[in-house]
Amino acid sequence: MGLGLIVILMVHLVLNWNWIVGTTRRVFSRLPGEMRFNHLLDSLLFVAMTLTMVSGVLTSESALATMGIAIKSDHFWRNVHGDFAYATIGMVGVHLGMHVRWIVSKLKRTRREAASDGEEHS
């Protein structure tokens with residue numbers, strides 16, 4: 001599951017790359033508080049997700065075996081994985097909550113466009 005999430009994370013980063021770069025450039029200048037908090041949250045979320053995914057692979061005996069790596073699972077990485085997985089879930093909830101209006105408007109626009117495309121093809 002974690003390996004699939006890596007792909008989803010990469011797609012999300014690519015789709016939002018312009019915002020990431022633009023906001024990062026402005027983070028130490030004038031930036032509204034909400035955007036500054038959002039950038040900090042997204043940065044922490046990226047670190048937490050990365051640690052969750054790396055530690056998940058390191059503790060997954062089946063993933064390691066598939067890659068031809070025989071390593072005995074380490075208790076330290078299991079703890080890291082659990083702690084950061086819970087932190088990631090909480091931060092994803094805050095992230096989605098901060099963007100719920102944008103998500104809903106995108107979904108409505110997509111649905112309207114799909115409906116209008118369907119009318120054109122009828």
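How many residues does helix H5 have, and how far does H5 reach from its first C-alpha to its last? Helix H5 (residues 75–98) has 24 residues and reaches 35 Å, close to the 34 Å expected at 1.5 Å a residue. This is a predicted model: local features need pLDDT of at least 70, side-chain atom pairs count only at pLDDT 80 or more, and totals for chains, interfaces and linings use all residues. Residues are numbered from 1 along each chain as its sequence is written, and side-chain values use heavy atoms, leaving out hydrogens and water.

**Helix lengths**
- Helices are DSSP runs of H or I with at least four residues, numbered from the N terminus.
- The expected span of a helix is 1.5 Å times one less than its number of residues.
- Helix H3 (residues 33–59) has 27 residues, so its span should be 39 Å. Its end C-alpha atoms are 38 Å apart, which agrees.

**Buried residues**
- Buried means under 20% relative accessible area, exposed means over 50%, and partly exposed lies in between (1.4 Å probe, protein chains only).
- In H5, the buried residues are Val80, Ala85, Thr88, Met91 and His95.
- Val80 counts as buried because its relative accessible area is 11%.
- H3 has buried residues too, including Leu45, Met49 and Met53.
- Val80 and Leu45 are 35 residues apart in sequence. In space, their C-alpha atoms are 15 Å apart.

**Surface patches**
- Patch residues have over 30% relative accessible area and no salt bridge; like charges are joined within 9 Å, and nonpolar side chains (Val, Leu, Ile, Met, Phe, Trp, Tyr) within 5 Å.
- A salt bridge puts a side-chain nitrogen of Lys or Arg within 4 Å of a carboxyl oxygen of Asp or Glu.
- Met1, Leu5 and Ile8 make a nonpolar surface patch of about 370 Å².
- Ile8 sits in helix H1 (residues 2–15). Ile8 is exposed because its relative accessible area is 56%.
- Lys106, Lys108, Arg109, Arg111 and Arg112 form a surface patch of positive charge.
- Lys108 belongs to helix H6 (residues 100–121). At 43% relative accessibility, Lys108 is partly exposed.

**Another residue of H6**
- Trp102 also lies in helix H6. Its relative accessibility is 52%, so Trp102 counts as exposed.
- Trp102 and Met53 are 49 residues apart along the chain, and 27 Å separates their C-alpha atoms.

Terms used
Accessible areas come from the Shrake-Rupley method with a 1.4 Å probe; for residues, only the protein chains shown count as cover. Lys and Arg count as positive and Asp and Glu as negative; His and the chain ends are not counted. The place of a charge is taken as NZ of Lys, CZ of Arg, CG of Asp or CD of Glu. Helices (H or I, at least four residues) and strands (E, at least two) are DSSP runs, numbered from the N terminus.
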